[in-house]
Amino acid sequence: MNNRLRELRAARRWSQADVADRLDVSRQTINAVETGRYDPSLPLAFKLAALFGLPIESLFWPDSDGDGDGAHDVGAAAVQPDRAAGAGS
Amino acid sequence: MAVPVSDNPKRQSQSDRRRARANRRGMLPAIVAGVADTAVLSAVNPDAHANAWNLIWWLSPAAFVLWVMLAGAAGFRRADEYQQRVQLESMAAGFLVAMLVALVFLLLAAAQIHTSTAGPWVFAGGAVAWGGTLTFKSLRTR
């Protein structure tokens with residue numbers, strides 16, 4: 001799973017701890033999500049999306065190669081246009 | 001709630017500090033009481049065969065270990081989702097190593113090579129693997 005968390009955070013000049021404070025999680029968790037070591041749960045993913053005022057699919061999208069799973073590839077194709085729209089806003 | 005923006009990128013979040021405080025409050029009394037009990041027990045060295053109370057006193061450190069474990073479980077519930085996952089993975093690594101060490105001693109016993117110190121090695125192997133994995137995974141996301 002890929003995400004734009006670092007980019008969006010940097011645009012707001014927030015540190016990882018600032019984001020963690022807003023979501024009531026540890027800074028370690030934000031770091032792990034940003035670096036792709038951890039895919040957040042759906043509730044946390046929705047909280048992150050709400051924090052940045054974006055739809056969840058603009059913040060997270062599957063790896064382009066998927067995991068050898070056809071469903072992922074379909075998801076990636078569907079998500080990319082939304083993501084582009086989100087980046088432009 | 002207004003959340004300030006910090007200049008220090010490596011600072012802990014407010015929830016980190018709140019959890020750390022709660023964990024200290026839960027753990028410290030158990031550790032201090034357990035160490036004090038063990039120290040007094042070692043100094044007095046009561047005869048466990050003399051009466052039932054002395055035997056209970058000898059077993060009392062186990063109660064403090066249980067207290068520490070319960071405080072640890074409360075800390076686990078307090079942790080957020082990523083920290084819980086890291087702790088579970090670390091415990092799994094510790095369990096795996098403990099089982100492997102136990103298996104080694106079992107095979108040695110099957111080969112008629114008798115060793116009398118399996119317990120401490122199983123405990124040490126599990127604890128080192130648990131702590132090592134937890135430290136490694138925590139350092140990666142510092």
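Predicted model: local features only at pLDDT ≥ 70, side-chain atom pairs only at ≥ 80, totals over all residues.
The domain assignment of chain B places domain 1 at residues 14-79 and domain 2 at residues 80-142.

The contact between the chains involves 21 residues of chain A and 17 residues of chain B. On the side of chain A that touches chain B, α2 (16-23) and α3 (27-34) of chain A each contribute at least two residues. Helix α2(A) provides the largest share of that side, with six residues. By residue class, the side of chain A that touches chain B consists of seven nonpolar, seven polar and seven charged residues.

A:Arg6 is located in helix α1 of chain A, which covers residues 5-11. A:Arg6 has 14 other C-beta atoms within 10 Å; because this count falls between the limits of 12 or fewer for an exposed residue and 20 or more for a buried one, A:Arg6 is classed as partly exposed. The C-alpha atom of A:Arg6 lies 11 Å from that of A:Gly36, although the two residues are 30 residues apart along the chain.

Chain A has a mean pLDDT of 80, with 72% of its residues at 70 or more. Within chain A, confidence is highest in helix α4 (residues 42-52), at a mean of 96, and lowest in helix α6 (residues 70-88), at a mean of 45. The pLDDT is below 50 over residues 68-89 of chain A.

Methods. Residues numbered from 1 in each chain as written. Chains lettered and ligands numbered in written order. Contact = placed C-beta atoms within 7 Å. Helix = DSSP H or I, 4+ residues; strand = E, 2+ residues; numbered from the N terminus. Nonpolar A, V, L, I, M, F, W, Y, C, P; charged D, E, K, R; others polar. Domains from an automatic or database assignment. pLDDT = per-residue confidence, 0-100.
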